[in-house]
Amino acid sequence: MTSIVSISGLTKTYGSGFEALKGVDLEIEEGEIIALLGPNGAGKTTLISTICGITSPTEGTVSVGGHDILNDFRGARDMIGLVPQEIALEPFNKVWNAVSFTRGLFGKPRDDAHIEQVLRQLSLWDKKDSQIMALSGGMKRRVLIAKALSHEPRVLFLDEPTAGVDVELRRDMWETVERLRAEGVTIILTTHYIEEAEAIADRVAVISQGRILLVEQKSALMKRMGRKELRVELIEPVDSLPESLAHHDLQIAEGGQVLRYAYETTGQGTGITGLLADLSAAGLQMRDLSTRQSTLEDIFVDLLRDGAEEPEAASTTTGSAASRDAVREGTA
Amino acid sequence: MNWRAVWAMYHYEMGRFFRTTAQSLFSPVLSTSLYFVVFGAAIGSRMEDVDGVSYGAFIVPGLIMLSVMTQAVSNASFGIYFPKFLGTIYEHLSAPVNFLEIVIGYVGAAATKSLAIGAIILVTSFFFVDVTIAHPLAMVGFLLLTCLSFSLLGFIIGIWAENFEQLQLVPLLVITPLVFLGGSFYSITMLPPVWQTISLFNPVVYLVSGFRWSFFGTGDVPVGWSLLAIAAFTGGCLWVIWWIFRTGWRIRQ
């Protein structure tokens with residue numbers, strides 16, 4: 001795999017003195033879908049804005065398809081399509097004109113057939129002569145996507161594309177993403193909807209406080225950190241555990257009605273068989289059993305919690321790689 | 001140069017102009033007609049000729065300049081401020097275009113619009129008064145340079161403005177007084193000597209005077225000074241734009 005976006009030592013300090021990015025290194029491979037996950041103010045939008053040319057980097061380099069974003073900005077930006085987080089459209093303009101304008105702005109020759117195809121795919125074709133102010137919020141978001149696709153980008157940035165959109169649009173959006181992936185377009189998305197990153201991304205980068213805490217194949221991440229939890233619901237609540245169960249690392253929850261047992265699916269033995277045998281032997285009667293796989297959301301919450309505790313520990317180390325390792329050890 | 005992008009921006013801006021024809025074309029024509037009725041027909045008939053030119057004809061170059069300057073500034077400032085206000089400027093910043101191309105697109109469109117308005121006012125004036133043009137080429141040249149330089153000024157104001165109030169501030173508090181006191185409706189030789197001297201610090205005096213010279217062969221100041229003034233003004237605006245380009249001031253953080 002060759003990387004199509006290459007970010008090295010990127011920092012961004014705004015005029016106010018706010019450090020939005022504190023040394024980001026990231027290689028994005030051609031044709032992949034990578035999700036940037038992080039809380040509000042983590043630096044996701046600043047990272048995207050800097051790659052796309054909306055803000056200038058303070059330090060570090062970024063290249064897109066081998067083109068440096070500063071020295072060869074035309075080469076880099078030629079390849080990039082951007083769907084911003086906020087809806088920014090001229091209300092009096094018509095859909096067709098708005099989308100055609102973007103294609104022209106990117107220096108591409110007029111191609112009505114392509115614009116028509118994009119509009120049809122996004123269910124905007126029958127709205128092509130409507131003024132933008134007459135469209136619903138979801139339709140406006142489709143127009144933003146159409147604008148980004150109008151100039152046939154090789155790298156597409158989607159900044160919180162599904163924030164506040166309805167189910168139908170979200171489904172259409174992911175269909176569009178799938179089709180683009182099939183065409184070999186590299187997609188970088190930020191989202192708060194972790195299930196979506198989980199459903200669609202190949203890799204996940206967790207970003208917090210201007211640093212990338214972790215970049216991992218989604219499947220590997222899920223596997224490595226994927227813990228399961230067994231929930232045992234008892235008929236009679238217990239106050240304390242019998243001596244025979246002490247070595248099982250059980251947690252009593254919900255007023256003694258429930259016992260929780262966490263285990264690794266990748267471990268040699270999960271210990272479930274022994275646990276269940278010991279539970280029967282101890283005379284605890286079970287009403288129900290259920291298991292739950294930890295989601296990306298759990299992993300994310302864990303990482304951020306560790307990331308927040310990390311600064312003291314990280315102050316003695318330097319660079320994001322060291323702190324990333326610290327996080328891995330903390331959560332593994 | 002990304003000429004397709006320049007054309008896209010130019011075409012888009014002109015589209016906005018034609019979408020709002022009532023506001024952008026008819027209103028300057030109407031207000032100019034009103035000026036002709038009031039100053040030309042009603043008051044003008046009681047005014048003496050100025051430098052051998054009837055008062056109604058005398059005000060034609062000044063009226064054209066007045067409209068062209070205010071329209072160029074308002075069109076250009078609004079043209080670039082609007083994307084900033086709406087947030088659609090993200091497209092310009094992320095597109096493979098440089099600042100020069102943005103300037104050509106937006107300033108070019110604003111200059112074209114003000115030129116069109118100037119031409120329409122000139123044609124309108126033929127219906128009201130007898131106007132002769134002594135130096136047609138010079139007239140076109142002055143008009144073009146005024147459209148261009150005031151569009152550049154408007155563009156700078158649009159980049160500078162952070163809200164709608166600021167957008168109106170410079171045109172209202174600086175440009176309108178300078179234009180009104182720039183000899184659009186009178187020759188500065190009509191003023192008391194002190195005010196004549198003060199007027200010489202008003203750059204608009206030189207532009208109106210030069211433009212009037214191209215019509216009637218006489219002006220308040222020698223035509224060479226007028227040429228120098230407009231060249232210096234255009235150069236100054238270009239320098240500020242070059243500086244904005246270098247620093248990304250108020251555009252790219």
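Select strands β1 (residues 3-13) and β4 (residues 59-64) of chain A: they run antiparallel and are joined by five bridges. Two strands count as paired if DSSP finds at least two bridges between them. Helices (H or I, at least four residues) and strands (E, at least two) are DSSP runs, numbered from the N terminus. Within this pair, A:Val5 stands opposite A:Val64 in β4(A). This is a predicted model, in which local features need pLDDT of at least 70 and side-chain atom pairs count only at pLDDT 80 or more, while totals for chains, interfaces and linings use all residues. Residues are numbered from 1 along each chain as its sequence is written, and chains are lettered from A and ligands numbered from 1 in the order in which they are written.

Which residue in β5(A) is the bridge partner of A:Val64? The partner is A:His67. β4(A) and β5(A) form a hairpin with two residues between them, and A:Gly65 in the turn has a positive phi of about 60 degrees.

Next, show the open sheet of chain A, whose six strands come in the order β6-β7-β8-β3-β9-β10 with mixed pairing. The edge strands are β6 and β10 (211-217) of chain A; each has a single partner strand, so one side of each is left without a neighbour in the sheet. From one strand to the next, the twist averages 15 degrees. Inside the sheet, select β3 (residues 33-37) and β9 (residues 203-208) of chain A, which run parallel and are joined by four bridges. Here A:Leu37 stands opposite A:Val206 in β9(A).

Zoom out to the contact between the chains. It takes 27 residues from chain A and 22 residues from chain B, where contact means that C-beta atoms, placed from the backbone, lie within 7 Å. On the chain A side, α2 (73-78), β6 (80-83) and α3 (95-105) each give two or more residues. Of these, α3(A) gives the most, with five residues.

Move to chain B and select helices α5 (residues 99-126) and α6 (residues 136-160). Their axes come within 8 Å and cross at roughly 130 degrees. That makes α5(B) oblique to α6(B); angles under 35 degrees count as roughly parallel, over 145 as roughly antiparallel, 65 to 115 as roughly perpendicular and the rest as oblique. Among the residues of α5(B) that meet α6(B) are B:Tyr106 and B:Leu115, and those on the α6(B) side include B:Cys147 and B:Phe155.

Finish with helices α9 (residues 203-216) and α10 (residues 223-247) of chain B, which pack at an angle of about 125 degrees with their axes 8 Å apart. α9(B) and α10(B) are therefore oblique to each other. Look for B:Trp213 in α9(B) and B:Phe233 in α10(B), both among the residues that meet there.

Methods: Two residues are in contact if their C-beta atoms, placed from the backbone, lie within 7 Å. Axes are lines fitted to C-alpha atoms, for helices over the stretch in contact, and angles run from 0 to 180 degrees between N-to-C directions.
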